[in-house]
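Welcome! Take a look at the protein below, and then we will walk through its sheet and its cores together.

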Amino acid sequence: MTLSTDFSAAISSTITVDQRIQTLAEALAKVHGPVNIRRESGGVHLMVACPLCLAQYGRRELRSKHLQINVDKMLGLGDHQMRFLRQDNGKKKGYAQCMKEHGPMSWDQIMGWPTLEERGVDNIIPMVVNSASGDRYLIPDDRGNMIPDHPGTVTPLTSLPYDHPALCYLRYRDYDPVLLYQQFRASWCTKEAPEGEEYRRWYRKHGDGWKSTPQGRIVFYSDVAGIQACWQARYLEMPIEGELRLWHPYRQQWEPRPAFWAPKEGPVKYVTATGALRNSQLCGFDNAVLHIDALQESYPTCVLTEGPLDAARFPERGMAVLGKYLSPLQAQLIATRFRRVILAFDTDEAGREAAEHAKNELSLHAIKTLNFFRAEEYGDTKTDVGMLTYQVCRERIKQLIEEFESI
Ligand SMILES: [Zn+2]
């Protein structure tokens with residue numbers, strides 16, 4: 001599959017590490033699962049699941065990797081070379097430790113542990129990921145695919161109480177949370193994933209405690225062939241008591257935009273997963289495939305939009321590009337399952353250009369396209385499908401599917 005090929009390409013952009021370090025990392029991976037190699041000022045570090053944390057907190061430790069081994073220090077390489085030579089007692093202490101709560105461990109102790117398999121922890125492909133270069137930070141999922149890191153702790157929209165701010169917002173915009181969950185596994189992010197160098201992720205600060213964080217936002221996942229290829233987290237903004245207010249991710253209340261923000265300043269509307277390969281994912285792909293498989297159409301048809309909430313107007317066939325332009329990889333992905341595409345981009349000039357671009361990309365795969373909005377009806381007035389009702393969208397799609405027969 002194109003997607004997994006791309007992911008492996010993303011991780012193969014490695015820094016050159018000393019062969020001894022590479023060998024240690026591989027040996028470590030055989031016992032403890034996925035290893036990250038990271039170059040830091042204090043030396044090259046190997047990050048791996050702490051076996052005690054794994055026993056105590058479960059499989060998520062395979063991702064958190066609390067056991068940190070400073071291999072430069074351990075082997076007396078790099079900056080530690082001189083220090084090592086000077087040390088006449090030959091003691092090398094504190095090169096490996098659990099950063100959570102289990103403290104220092106020796107290499108012998110670490111390598112003496114039973115393998116993951118012997119401990120009954122399955123499904124993880126041992127691998128060494130060199131995350132010290134490039135701007136992509138990927139983690140292995142349960143089956144060993146490299147995916148962008150998770151937004152943090154999330155709760156499905158379908159499990160939220162009626163008066164939850166996310167559900168108030170969706171009611172205000174006339175969206176059905178159950179359909180959103182089916183289409184995108186749409187969820188509420190209650191706690192952001194940590195930021196920092198090791199995650200190659202920082203949340204932009206906007207003053208007065210505001211950040212562009214996934215926390216306090218609705219997360220839309222892009223699943224492609226069961227792989228979580230990307231996610232985007234949208235903020236909540238709606239009129240309350242006569243003024244537009246934003247949901248504050250930390251103070252957890254609706255607040256007006258601070259006066260010190262210039263008109264276009266403040267948190268970004270969508271926060272995207274760090275390291276996501278936006279060009280080779282489509283938000284809603286697996287759901288659309290599921291539906292057209294059930295329908296057994298002779299010409300499987302999908303609807304393409306810019307963002308997830310536009311795609312959500314088409315709970316069965318909608319897929320979001322997550323950006324303006326359909327990439328060649330996205331067109332290729334569409335061509336694996338669909339023969340006809342309805343383009344439901346905005347009606348402004350940018351939207352029309354995006355639709356034209358998508359049409360050309362898709363024509364390379366002999367895919368027929370139709371525009372959801374007719375230029376003669378809308379001209380230059382800006383409209384988007386998000387402003388329409390489910391009913392209107394459904395009827396229009398029925399029409400367009402018939403229209404395909406005549407072109
Ligand atoms: Zn530990």
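## The open sheet

Five strands, in the order S9-S10-S13-S14-S18, form an open sheet of 5 strands with antiparallel pairing. Strands here are DSSP runs (E, at least two residues), numbered from the N terminus, and two strands pair if DSSP finds at least two bridges between them. At the edges you will find strand S9 (152–156) and strand S18 (270–272), each pairing on one side only. From one strand to the next, the twist averages 35°, an angle between N-to-C directions on a scale from 0 to 180 degrees, with axes fitted to C-alpha atoms.

Now look at S13 and strand S14 (residues 227–234): they run antiparallel and are joined by 7 bridges. For Asp223, the bridge partner in S14 is Gln228.

## About the model

This is a predicted model, where local features need pLDDT of at least 70 and side-chain atom pairs count only at pLDDT 80 or more, while totals for chains, interfaces and linings use all residues. Residues are numbered from 1 along each chain as its sequence is written.

## The nonpolar cores

A nonpolar core is a set of buried Ala, Val, Leu, Ile, Met, Phe, Trp, Tyr and Cys residues joined through C-beta atoms within 7 Å; buried means that 20 or more other C-beta atoms lie within 10 Å of a residue's own, placed from the backbone. The largest one has 64 residues, and Val219, Cys283 and Met319 are among those with the most contacts inside it. Strand S13 (residues 218–224) gives the most to this core, with 5 residues. The core lies between domain 2 (139–273) and domain 3 (279–404), because both give residues to it; these bounds come from an automatic or database domain assignment.

Apart from this core lies another, of 26 residues, including Val35 and Leu67.

Definitions and conventions:
A residue is buried if 20 or more other C-beta atoms lie within 10 Å of its own, exposed if 12 or fewer, and partly exposed in between; C-beta atoms are placed from the backbone. Helices (H or I, at least four residues) and strands (E, at least two) are DSSP runs, numbered from the N terminus.
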